[in-house]
Structures are given as C-alpha cells and as structure tokens.
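Dear colleague,

Please find below the structure that I am handing over to you.

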Amino acid sequence: MSKHSPLEPALRQKALRVHERLCALYGCPIAYFASKDPLSTLVSALLSHRTKNASTGKSFRALVARFPTWQQVRDAPTAEVEQAIALTTWPEQKAPRIQAVLRQVTALRGESMSLDFLGELTVAQARAWLERLPGVGPKTSGAVLAFSTLRKPALVVDSHHHRVAQRLGLIPPRMDEGPAHAFLAAELPFDWDAQKLYDNHEILMLHGQRVCTFHEPSCGRCVVLDQCPFGRQRLGLTTTEPAQNQTSQYELFPADAAKAK
Ligand code: SF4
C-alpha cells in the first residue's frame, strides 16, 4: 500500500482519534445549520465562494426577495442579479455563473429545475452529475448533497477543514482542497451515515475557526497536539519525543515549517 494512501491503517486510526476528540470538544452530533432544498443549496453554495457566511446569507435572501423563483433568476437581466448579490465577493462573476448553472439545470431536468432526483442516486453518481455543471467542484457538490434536505453522506472540505487536516498530516502536504475531499472521506469508516460525515466536517471547520487559525494556531491548548507534527514542531517538541498515539507519517511540509519559525 502506498505511503500516501488514505486506506493506510495508522492514518485511518488517526482520523478516528481526531474525530472522537473534536467531537467531545464541540459536542456531536452537531445540529444542521440549514434545510434548504437542493437547488437553493446549490445557489447558496455558489454565492459562498470566498465570502463570509453572513454576507452569503444576506445575498441569498436579497436574491430570493427580488426574484421569488429560480426561473426568474435564470431569465433576469444579469446586471439585476449582480445587483441583488452585491454583498458577495465577485458578484460580477457569480451572477452570470448562477444563471448559466440554472440554464444548464433546466436543459437537463426541465422547467421545474428540481434536483430532488439526486436523492435516488449514490453519492458518487450525484457528485458526478453536479460536477458537470459550470463552476461546480467537490466542495459545492458535497454541500448540495450534505447540507440540503437531501442529507446525503457526502464529506465537505472547506478552507478551515483543509488547513487543519494538512497540519495534522491527514492529507499529503501539497494536496489541494478538491482532491482532499476523496482522500479524507476514504480515511473514515465506509458505513458512516450523513450525520457522522457532517459532524466530521463541522468539527474540523470549527477547530480551524476557533483554535487552529491561519495566522495564530493555539497549539498549546489544542486537544490533538499529540497527533499534530506541525503543532509539535511549532512548540519545539521533537517528533521523536514520546507522544501518546503519535501516528503521523507525513513530514511537516516546507511552507508551514517556514511559517512556524
Ligand atoms: S496542534 Fe496546532 S497546528 Fe496542530 S491542529 Fe492543533 S492548533 Fe492546529
């Protein structure tokens, strides 16, 4: 088995250990934050790229207040859609993108544009269908499947989740967010249900927001310090020093090593 396989037993054990500790810290099961239908979740996810949650929410509400149906959004002058979502980042790119997605959904599914049929597909099939749409990658397809009323077992990896996973050595050092979705999902038990995969994403994201922040990770008070090569190096703890359940097999990557100095 490749050293960088997500199926490597020590890596899977470590992923579980991290999950259990962060679940205890943040209180699993985590309540779902939304219950929109899948098409609304898709539009919301497209709005959310590089945008804070509060601004995404305001833009979504402004959009549906101005255009009560997705057919109206699809057919509206693009400048008006852009104006409605002005609080997001890059509204001039997102407005035509959202309209292109809605046109494509119409072409594939008809005027109703319902995406409820995705609930009948496997996660892999549903992801593949969604990722044929313009601008839809693994994060957006995962969000549609996991966060909408579909409640499918699909792992989402946002930038916080990705950063924490990278520092912990749960993914190879230079793996981007896109491929990290399949890699991190493969480390977790195959029979986990939607709630457990949702919890896994939420707790790693929360940890990235509250403890393992981009500029100033609080490694000294981190419950997974003993699992983390980046944190241990940052605190001057040698990787050979005995650490309970230390299983990392990825070397600290150069970019973070430089930041740690
Ligand atoms: S030890 Fe530090 S770098 Fe590692 S996960 Fe915890 S806060 Fe992040």
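Helix α8 (residues 138-147) is largely enclosed by the rest of the structure, because 10 of its 10 residues are buried. A residue is called buried if 20 or more other C-beta atoms lie within 10 Å of its own, exposed if 12 or fewer do, and partly exposed in between, with C-beta atoms placed from the backbone. The buried residues of α8 include Pro138, Lys139, Gly142, Leu145 and Phe147. Among the elements that cover them are α2 (38-48), α7 (123-130), α10 (177-187) and α11 (194-210). Over the protein, buried residues make up 38% of the 261 residues.

Please note that this is a predicted model, in which local features need pLDDT of at least 70 and side-chain atom pairs count only at pLDDT 80 or more, while totals for chains, interfaces and linings use all residues. Residues are numbered from 1 along each chain as its sequence is written.

The protein has 13 helices and zero strands; these are DSSP runs numbered from the N terminus (helices: H or I, at least four residues; strands: E, at least two). The C-alpha trace spans about 65 × 35 × 30 Å along its principal axes.

The protein is divided into domain 1 (9-31 + 156-260) and domain 2 (38-147), with bounds from an automatic or database domain assignment. Their centres, taken over C-alpha atoms, are separated by 30 Å. Nine residues from domain 1 and six residues from domain 2 take part in the contact between them, where two residues are in contact if their C-beta atoms, placed from the backbone, lie within 7 Å. On the side of domain 1 that touches domain 2, α10 and α11 are the elements that give two or more residues.

The ligand is surrounded by 14 residues, the closest being Cys212, Cys219, Cys222, Cys228 and Gly231; a residue is near a molecule if its C-beta atom, placed from the backbone, lies within 6 Å of it. Both α9 (159-168) and α12 (229-234) supply at least two residues of this shell, and α9 gives the most, with three residues. The shell divides into 11 nonpolar, two polar and one charged. Here Ala, Val, Leu, Ile, Met, Phe, Trp, Tyr, Cys and Pro count as nonpolar, Asp, Glu, Lys and Arg as charged, and the others, Gly among them, as polar.

With kind regards
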